[in-house]
Amino acid sequence: MGKPTGFLEFTRELPKKRDVQQRIHDYKEIEKPYAEEDTQKQAARCMDCGIPFCHNGCPLGNIIPEFNDAVYEQNWEYAYEILASTNNFPEFTGRICPAPCESSCVLGINKPPVAIEFIEKSIIEAAYSRGLVQPNNAIKRTGKAVAVVGSGPAGLAAAAQLNKAGHTVTVFERADQIGGLLRYGIPDFKLEKWVIDRRLDVMKAEGITFKTNTNVGEHVKAKELLADFDAVLLTGGSTVPRDLPIPGRELKGVHFAMEFLSQQNKRVAERPVEVDHRGVKYASGDIFATDKNVVVIGGGDTGSDCVGTSNRHGAKSVTQIELMPMPPAERAESTPWPNWPMMLRTSTSHEEGCDRHWSINTKAFIGDENGNLKALRIVELDWQTVDGKMKMVEVPGSERDIPCELALLAAGFLHPQQEGLLDALELEYERGNVKAVNYQTTTNPKVFAAGDMRRGQSLVVWAISEGREAARAVDLFLMGDSQLEAKAKSMFATV
């Protein structure tokens, strides 16, 4: 513990953000530069709490009090060593993680929690600036070859760990660039793509091979994959979106959120926009929100990203609607500390301009005589508890049409794409996801699965955790033993 009275002396402060009227005209990250002294003060707030519940709140089991102490002592090299021991990509989680660790912070019981995410980002940026992030070129090779299919955070984390164990790793990606939804899902104003490229340079220097524009199952057949590699790890995303099959769904102007976001990320990167992140040609052409009334259907992070992107396009208006009731402003009694709290969250995209509504059901898309979307028919809902279960009841007389020329479906994802590789591998499915026991599929001992592919749509930090754990399972399978770090099991675990 760096400063015993730090939590009494300092308040929680995060880096200042660029002015809304400035940042909505570009796609640069919104945070202003900060001084290392600012991070030191925030690290000083970490308490000697006895039982660090933040460890359990973090899916990676990051050793948070220890790296906070190192930051307070300004020992950046040691702080980076601690952080890198559990997290392959703190430059990603330090920017886009919702920080479940902070919800479990003991200080957060009656004060604002320690700014763990900000400290994490500060450590990795200090490490890069000091030249501490260097490729490991002293890896002893095992002679085993592993294919990692999918280059999102789970695939990249698994590749890094498997390479560290000495295996020869090839990462296959069907899109034109590496990164999965880090690259073509998360907007640049949350994660600029040079951050990904900087890490990829290190991974390539360590000997990992990346193959883009390679749709495994089509360009490389399943039988070839199994014949050429000693193990195969499936880390593709949950890419089948939840649709809204109501009247008017076929109208021009109704799109899945990921189509909209992927296109804009490609424009920012000055890449061709003709195909999506899966390499599939867009049937709808370019999607723009400019001068349109935009309605985002879905209240999660993807919906928030659509709001921020629509504002940068110059939308006439941006409305976000959610089926469920409005969450409470403070932590709900149903999710007490140290659980992840059910509460209202306002993102930086919402701060830039958005009309938000809850308990709204979309009844139909309304079109004009040319087949273009012009309005949404919505109805208000009254959520009632019947026999202990929540039931939605339409409010009489509340049905109405609202203007809308662009509707973005951001209601989540169902499961990974099964047609093609997964079916060719004759895998079992569970809730649409690949069924696996300890990350090993139930139909072929050489095939493993991790991330959204196995557990379903989740957070980037969970994907990294899954990739690390799956890599250890693959290493055990190949070698009979593994020196890769295993996530510490907590007596408080609820996973």
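A: The following describes the sheet, its strands and its helices in turn. This is a predicted model, in which local features need pLDDT of at least 70, side-chain atom pairs count only at pLDDT 80 or more, and totals for chains, interfaces and linings use all residues. Residues are numbered from 1 along each chain as its sequence is written, and side-chain values use heavy atoms, with hydrogens and water left out. The chain has a mean pLDDT (the predictor's confidence in each residue, from 0 to 100) of 94, and 96% of its residues reach 70 or more.

The open sheet contains 5 strands in the order β6-β14-β7-β8-β9, with parallel pairing. Strands here are DSSP runs of E with at least two residues, and helices are runs of H or I with at least four, numbered from the N terminus; two strands pair if DSSP finds at least two bridges between them. At the edges lie β6 (254-256) and β9 (355-357), each of which pairs on one side only. From one strand to the next, the twist averages 20°.

Strand β6 runs parallel to β14 (residues 406-409), and 3 bridges join the two. Within this pairing, V254 has A407 of β14 as its bridge partner.

Two helices accompany the sheet. Helix α14 (residues 257-268) lies across β6 and β14 and runs at about 75° to β6; angles run from 0 to 180 degrees between N-to-C directions, with axes fitted to C-alpha atoms, for helices over the stretch in contact. Helix α15 (residues 301-313) packs on the sheet, where it touches β7 (293-297), β8 (317-321) and β14, contact meaning heavy atoms within 4.5 Å. The direction of α15 makes about 175° with that of β8.
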